[in-house]
Amino acid sequence: MHGALWIAIFEGGLIRYQDGRFTSFTLPPRAASTARTIFWIAEDRAAVLWLTVEDGVVFRFAKGLFTEASNGWPPTERNVFRVYDDAQGRTWVATATYLARLDKGKLLPPVLQGRLWEYQV
């Protein structure tokens, strides 16, 4: 939500501070992993939050509901450490080995692969 301050806390907690009020949310439990600490929060133009947890799984948070955005991605592509929204409103995911775009929650083929730190932008 635009104009809100989002705070990640341990064990899957997410707090929104807006209009002088705090509201808390909790990531849903996952059978495949116990990792729940949020490492990264990004908000796109549609006011959707993209959350990365400690094991690289990506959650989408919209209208008060969490969905596991990286569900169904190959295991080798579930090591996301950053999610970005660019000036054109496109959502990107970055790992140590690739940069790819998300389109309606689907991971598109990587635009860069390999050791990303060797690329100059």
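Guide: The structure holds one salt bridge (a side-chain nitrogen of Lys or Arg within 4 Å of a carboxyl oxygen of Asp or Glu). Aspartate 86 pairs with arginine 90, and their closest N and O atoms are 2.8 Å apart. Aspartate 86 is buried, at 17% relative accessible area. Arginine 90 is partly exposed, at 34%. Buried means under 20% relative accessible area, exposed over 50%, and partly exposed in between, with a 1.4 Å probe and protein chains only.

This is a predicted model: local features need pLDDT of at least 70, side-chain atom pairs count only at pLDDT 80 or more, and totals for chains, interfaces and linings use all residues. Residues are numbered from 1 along each chain as its sequence is written, and side-chain values use heavy atoms, leaving out hydrogens and water.

Now the nonpolar side. The largest nonpolar core has 14 residues (buried Ala, Val, Leu, Ile, Met, Phe, Trp, Tyr and Cys joined through side-chain atoms within 4.5 Å). Trp50, Val58, Trp73, Val80, Val83, Val93 and Leu107 have the most contacts inside this core. Strands S6 (58–62) and S10 (98–103) each give two or more residues. S10 provides the largest share, three residues. Strands are DSSP E runs of at least two residues, numbered from the N terminus.

Take valine 58. Leaving aside neighbours within four places in sequence, its contacts (heavy atoms within 4.5 Å) include Trp50, Trp73, Val80 and Val83. Another core, of 13 residues, lies apart from this one; among its members are Ala4, Leu14, Ile38 and Phe59.

Terms used
Helix = DSSP H or I, 4+ residues; strand = E, 2+ residues; numbered from the N terminus.
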